[in-house]
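Visitor: Could you walk me through how to read the features of a model like the one below?

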Amino acid sequence: MPRSTKIFKRLQQKAEKRRIPLNALFELTHRCNLRCSHCYVDNENHTELTTDGVKKALDILKDNGTFFVIFTGGEAMLRSDIYEILTYAKISGFVTTLFTSGTIIDGNNAERLIKTGTDDYEMSIYSDIPSDHDALTGVDGSFKRTMGAARLLKSLGAKVTLKTVWSKLNFARVKEMYALADKLGCELRGAPYISVTNSGDTAHLNTRCNDDELTELFSSMYELQKERIDETFNEVRSKEYDYETLKDKRICGACVTKLRIDPYGNIYPCVAFGNAMGNITEDDFKSVWSGDSFAKSFCELRVTDIKKCRDCDRFAFCRYCPADSLKECSDMLIPTDEMCRVAKAHRTAFYNTMKKI
Amino acid sequence: MSSILNKFVARADNIAYRTVADEAVIMTPADSMLHELNEVATSIFANINGKRTVRELCKLAFNEYEVEMARLEADISTLIGELEKKNILQLSDAPIN
């Protein structure tokens, strides 16, 4: 997806100004054939939207300006109507991405998938060591199947992106993970943020990297992109805390340019907020989008309302998530210890790399 | 120019597009590139349906904007030609479904 172009940024700014839900994450099912330890999805057993229900939801999203749709799960490929849904979304003029483990994609269905015209496939890979990946997903052979699907889709001309959650399991395998992605001809994206689940589960948080591991992780990533360090430095400078700029800046895009739809049609502000605002097939979308009391008050918040972060020297390295704050601190405007810890490690690694070169 | 005026024009298969604040943004799938159209080009793009020729698009624009027909035909032909080169539009001698 063309995330970093000037046109993309202008489009997001226009959408933010007008509060257009440009970006939708559409969970088609919560059923999954993997059992990843960090998964945020609650395995509820409700009646999922029918094919017509999903199409109706897409029509509503289109009418309200949504352009980018990410289909995910659970494992979205477990829906037998996945091809029909992806095709309908493309015909409706969306830019479409399918998040999938790839474990159900093989020679029997790959070409059918390609024919849907899906713009991008994103697959999670947790280690370059098969047994480590399989231990995290809870399914033997899942690494082999994911890699096989990525190779197959690439060979058929698809754009495939690999994603990872950096954790204790893989923080020391940065070079190997990027090498694996390079070998496949894929981009690798990752972040070390492991959050409390929407249902409040914390058992998996013990896989978070400690401070030294985080610093090693970020240092390894900067080592791999030393040639971009000047560019990164300019980016960092442009993101330093400046009250005058930030007093007009929203905290994030949740319920502004982003939303999430769950498999039952419930509308949420984003992937991390667990409070449903309404239902896309049962309620009037415009009333939900503009009338929900949480959304209205959230949209009023600005970065400068997070008082603890004022003039913080880690600000440029911080990925503030108000939903995480709500879950861990019961207050959207208090940074979690985890956010501060990750930002500190990132800052340390960045300036250590700067010193070396 | 006369040849393009008689061509039927359709949006290319699989492009993604949305109009935000009266300006269309289009993504071409082969290269994942985003393209922007201004307000006037967006209104012309909105009238493209595979069943209209470039000349018919010019007539629709003539009703909407106070510009001489000759100028409109030249400008719209250029626009359509550029969008065809970017694989956003396809041209044909017959209507396109």
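Visitor: What should I know before I start?

Guide: This is a predicted model, where local features need pLDDT of at least 70, side-chain atom pairs count only at pLDDT 80 or more, and totals for chains, interfaces and linings use all residues. Residues are numbered from 1 along each chain as its sequence is written, chains are lettered from A and ligands numbered from 1 in the order in which they are written, and side-chain values use heavy atoms, with hydrogens and water left out.

Visitor: How many salt bridges does the structure hold?

Guide: The general idea comes before the count. Side chains of opposite charge can pair when their charged atoms come close. Here a salt bridge is a side-chain nitrogen of Lys or Arg within 4 Å of a carboxyl oxygen of Asp or Glu. Over all chains, the structure holds 31 of them.

Visitor: Which residue of chain A meets Glu23(B) in a salt bridge?

Guide: Lys14(A) does, with N to O at 2.8 Å. This pair crosses between chains: Glu23(B) sits in strand β3 (residues 23–28) of chain B, and Lys14(A) in helix α1 of chain A. Helices (H or I, at least four residues) and strands (E, at least two) are DSSP runs, numbered from the N terminus.

Visitor: Is Lys14(A) buried or exposed?

Guide: Use the cut-offs. Buried means under 20% relative accessible area, exposed over 50%, and partly exposed in between (1.4 Å probe, protein chains only). Lys14(A) counts as buried because its relative accessibility is 14%.

Visitor: Which residue pairs with Arg31(A)?

Guide: Arg31(A) forms a salt bridge with Glu48(A), and their closest N and O atoms are 3.0 Å apart. Both residues lie in the loop between β1 (23–27) and α2 of chain A, 17 residues apart, and the pair links distant parts of the chain. Arg31(A) is partly exposed, at 40% relative accessibility.

Visitor: What does the salt bridge of Glu338(A) and Arg208(A) tie together?

Guide: Start with the distance: the closest N and O atoms are 3.6 Å apart. Glu338(A) lies in helix α14 (residues 337–356) of chain A and Arg208(A) in the loop between β6 (187–191) and α8 (211–224) of chain A, so the pair ties together parts that are 130 residues apart in sequence. Glu338(A) is buried, at 9%. Arg208(A) is buried too, at 14% relative accessibility. Both belong to a network of salt bridges that also links Asp211(A), Glu328(A) and Arg341(A).

Visitor: Which residues gather in a patch of positive charge on the surface?

Guide: Apply the patch rule. Patches are made of residues with over 30% relative accessible area and no salt bridge; like charges are joined within 9 Å, and nonpolar side chains (Val, Leu, Ile, Met, Phe, Trp, Tyr) within 5 Å. Lys and Arg count as positive and Asp and Glu as negative, while His and the chain ends are not counted. Here Lys6(A), Lys9(A), Lys239(A) and Lys249(A) form such a patch. Lys6(A) is in helix α1 (residues 6–18) of chain A. Lys6(A) is exposed, with a relative accessible area of 67%.

Visitor: What does Lys55(A) touch?

Guide: Contact means heavy atoms within 4.5 Å. Not counting residues up to four places away in sequence, Lys55(A) touches Glu84(A) and Tyr88(A). Lys55(A) is in helix α2 (residues 51–63) of chain A, and is buried, at 18%.

Visitor: And where is Ser167(A)?

Guide: Look in the loop between β5 (160–165) and α7 (174–184) of chain A. Ser167(A) is buried, with a relative accessible area of 4%. Leaving aside neighbours within four places in sequence, Ser167(A) contacts Ile194(A), Thr207(A) and Cys209(A).

Visitor: Which residues does a cis peptide bond join?

Guide: Read omega. It is about 15° for the bond between Gly73(A) and Gly74(A). Gly74(A) lies in the loop between β2 (68–72) and α3 of chain A.

Visitor: What is phi of Ser330(A)?

Guide: Phi is near 60°, a positive value in a residue other than glycine. Ser330(A) is in the loop between α13 (322–329) and α14 of chain A, and counts as exposed at 63%. Asn87(B), not a glycine, has a positive phi of about 65°. Asn87(B) is in the loop between α4 (69–85) and β5 (89–92) of chain B, and is exposed at 54% relative accessibility.

Methods: Areas by Shrake-Rupley, 256 points an atom, 1.4 Å probe, with all protein chains shown as cover. Charge placed at Lys NZ, Arg CZ, Asp CG, Glu CD.
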